[in-house]
Amino acid sequence: GDESQSKASASSTESAGKYETLDVTLNDGIYKITLNRPAKKNAINYKMYEEIGLALLEAANDKNCTLAVLTGAGDYYCSGNDLSNFMNIPPDGIGAMAKQAGDILEKFVNAFIDFPKPLIGLINGPAVGVSVTVLGLFDVVYASDKASFHTPFSQLGQAPEGCSSYVFPKIMGTAKASEMLLFNKKITAQEACDRNLVSEVFPNDVFQKETEARVQQYAKLPKISLQKCKLVSRELEKDKLYQVNKHECEILMERWQSNECMNAIMGFFQSKGSKL
Amino acid sequence: GDESQSKASASSTESAGKYETLDVTLNDGIYKITLNRPAKKNAINYKMYEEIGLALLEAANDKNCTLAVLTGAGDYYCSGNDLSNFMNIPPDGIGAMAKQAGDILEKFVNAFIDFPKPLIGLINGPAVGVSVTVLGLFDVVYASDKASFHTPFSQLGQAPEGCSSYVFPKIMGTAKASEMLLFNKKITAQEACDRNLVSEVFPNDVFQKETEARVQQYAKLPKISLQKCKLVSRELEKDKLYQVNKHECEILMERWQSNECMNAIMGFFQSKGSKL
Amino acid sequence: GDESQSKASASSTESAGKYETLDVTLNDGIYKITLNRPAKKNAINYKMYEEIGLALLEAANDKNCTLAVLTGAGDYYCSGNDLSNFMNIPPDGIGAMAKQAGDILEKFVNAFIDFPKPLIGLINGPAVGVSVTVLGLFDVVYASDKASFHTPFSQLGQAPEGCSSYVFPKIMGTAKASEMLLFNKKITAQEACDRNLVSEVFPNDVFQKETEARVQQYAKLPKISLQKCKLVSRELEKDKLYQVNKHECEILMERWQSNECMNAIMGFFQSKGSKL
């Protein structure tokens, strides 16, 4: 009912008006995070990296939250890292920029590794880059049949993040993971389901209704059992995931300072919209 | 021929009349264990946990046994842990009961981890709970299309066992495993095959005949090579599996003493037959 | 164009006429290795084991090579280990023969573990034994629908190699891997794709054209990024792979000296062509 619906701020006086790039609600135990830069296809700028981490922390600590949901506003789920993050080289040079970006990314991914409650992705449309790779750290991922999944790393002179270099080969095998992570293959929602990145695919016109019904049902389950069911798996590989995340960020910091990467990103801006 | 068909006791004078809850035969190198409490849908009571462990040990040590098969009598494969195991709280309290149940479970699962010969599951009907989770420790699993696979842990205030918190994400990815282990999703035989928990599905009317033909053929293969082929894989993760099993049992001992679990189990008995 | 097409020797004066059992070309950044004993269904004799290792090393070191491709001449991809390797027992006995074969195999598999650039398998026809198992160490594997995949280890009294005892359960689950590695199941190209051993299957009549187009496109990607994208994954499990390879070779050295294996191989030669 209406009474149980509220901005997350209802359970935390500190969070009122807190989020610039997200829409956040807490409702019937469901902490829902909506990426909310639809005019930018929900590209993740530095502010959004930080706010997603804060929202996950708030969801983890809020005793009224049973589980969290992440989705996108508009037609896109998320177009990935906002490449304009790289357009303003600071006065202290590209090395400092790479270091800053690496630290932000590592902290962002760790927020997913650490999240102690069930985390459900509702992939309403195309997903690109880091918004795809971190899905391997979610518990359940439902996708609209309008969704697609694209990780064009080598094409942009970069390398995988979000622990995908470890998680993707684990869940889909190297032969399928490498098509995505080395060779920029864009896959459909059904292909992502066949590759175990997605739990189930729904026709777009029933996507909201069907997934909401499931999430509502899940949020009624015994809260502590749900956390234990998740943690018994996650604890097994938490140290490995931290280590992979750190290593991936180190490689990326090196990549971001390479000529290959700079040329590829400049090429991207020159032919924007036509390459990916 | 008839001569080669015998109760397992034929090769071990100690095992005559040994099993109350199982039917056990040794025939042409095939040690066949049939869960034999059809009136209880082959629910596993404490006696059956112990007897399955003993039968696996007997199969491991019997030089006439090339491989072992596990199946269920009647329409069910196995309805999982017999919840009446939890109905008689001993005088020394619920803590002692949880400790006893945890020790029995850990020993039971270790018997599967340690089994050194090929182990084939013939899933003739619905499988629930621990009878599903230990399938990840089998070598080959054939299922009738009447089989289903259901692990309602959080619904009963509990948590995964049988090393499923490690094996299920490994073989089917977290997105598919969490639907089962966190959110109680019941899956069909074909879905279990798509998730790599089952090797192949057969129409129910040819299930016995087709799987028997395969098992007969496998039992004729070079015996030591079969063991080496299994052990070269199993040895790689044996220590990990022991550790996971121990950790899962610790979590469950805590769960069994929780209010969430007690309320959920009482609710189950009050609405028996309608919930799972 | 024609100018960019050349034998690999073009970029290495030492390699002219170097390969007896392979055809090797370097063309537009693509180092293509073709197993070239079609009269023997490209069975791998000791010379070919050595030459594949050398060719991979050459491809790794050649700065003009962006990626490598492995395929087979004629209708077969590869019929696996040439069992005639075992027909001439040396004067110092079967123990010495097993030691030699184990060393050759371990070195061969390590060449795949160590290869630092993208490695693409083009499986043009049936693949058997070690030519199947090492596919788990490739990055991408494309198969013709005429391909099949067969690892008859226990049938020949042997045991898995090529790190398959670790990689196959990881990518397809134990229930599917054991059918292949324990019970000699021969699978189709589509089944290999469903099991994540193959990336994609093509109708045989368009196989060459379609896969060549993809490989050409991949070879134009930023070269160092491609290597980083591969290495970030491979480095995570390189030590594990070395260890698995070593362990598998030790088991095989023991197997090759066993009666089970000798009887099975003699049986194979007596009924050649009809068993596998």
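Here is a short chat about the chains, their contacts and the confidence scores.

Q: What kind of model is this?
A: This is a predicted model. It scores ipTM 0.93 and pTM 0.93.

Q: What pLDDT does chain A average?
A: Chain A averages a pLDDT of 92. In that chain, 92% of the residues score at least 70.

Q: Where in chain A is the pLDDT below 50?
A: Residues 1-6 of chain A have a pLDDT below 50. That stretch has seven contacts in the model beyond near neighbours in sequence. Residues 8-16 of chain A also stay under 50. For residues 8-16, the model has 13 contacts beyond four places in sequence.

Q: Switching topic. What rotation superposes chain A on chain B?
A: A rotation of 120 degrees does, with 0.0 Å of shift along its axis. The RMSD is 0.0 Å. The two copies are therefore related as by a three-fold rotation axis.

Q: Do the copies meet through the same or different surfaces?
A: Different surfaces, because only 3% of the interface residues of chain A are also interface residues in chain B.

Q: How many residues are in contact between chain C and chain B?
A: On chain C, 31 residues are in contact with 29 residues of chain B.

Q: And what area do chain C and chain B bury between them?
A: About 2400 Å², with 60% of it on carbon and sulfur atoms.

Q: How many salt bridges are there between chain C and chain B?
A: Two. One salt bridge joins the side chains of K228(B) and E254(C), at 3.8 Å, N to O.

Q: What about polar contacts there?
A: Between chain C and chain B, 13 residue pairs are in polar contact, counting pairs with both residues at pLDDT 80 or more.

Q: Which elements of chain C give two or more residues to that side?
A: They are α4 (164-172), α5 (174-181) and α8 (223-256) of chain C. The most comes from α8(C), with seven residues.

Q: How do the residues on that side of chain C divide?
A: The side of chain C that touches chain B has twelve nonpolar, ten polar and nine charged residues.

Q: Where do K99(B) and D103(B) lie?
A: Both lie in helix α2 (residues 93-114) of chain B. They are four residues apart, about one turn of the helix.

Note on methods
Residues numbered from 1 in each chain as written. Chains lettered and ligands numbered in written order. Heavy atoms only, no water. Least-squares fit on C-alpha atoms with pLDDT ≥ 70 in both. Contact = heavy atoms within 4.5 Å. Buried area = accessible area lost by both parts, 1.4 Å probe. Salt bridge = Lys/Arg side-chain N within 4 Å of Asp/Glu carboxyl O. Polar contact = N/O pair within 3.5 Å; in protein donor to acceptor, adjacent residues only side chain to side chain. Nonpolar A, V, L, I, M, F, W, Y, C, P; charged D, E, K, R; others polar. pLDDT = per-residue confidence, 0-100.
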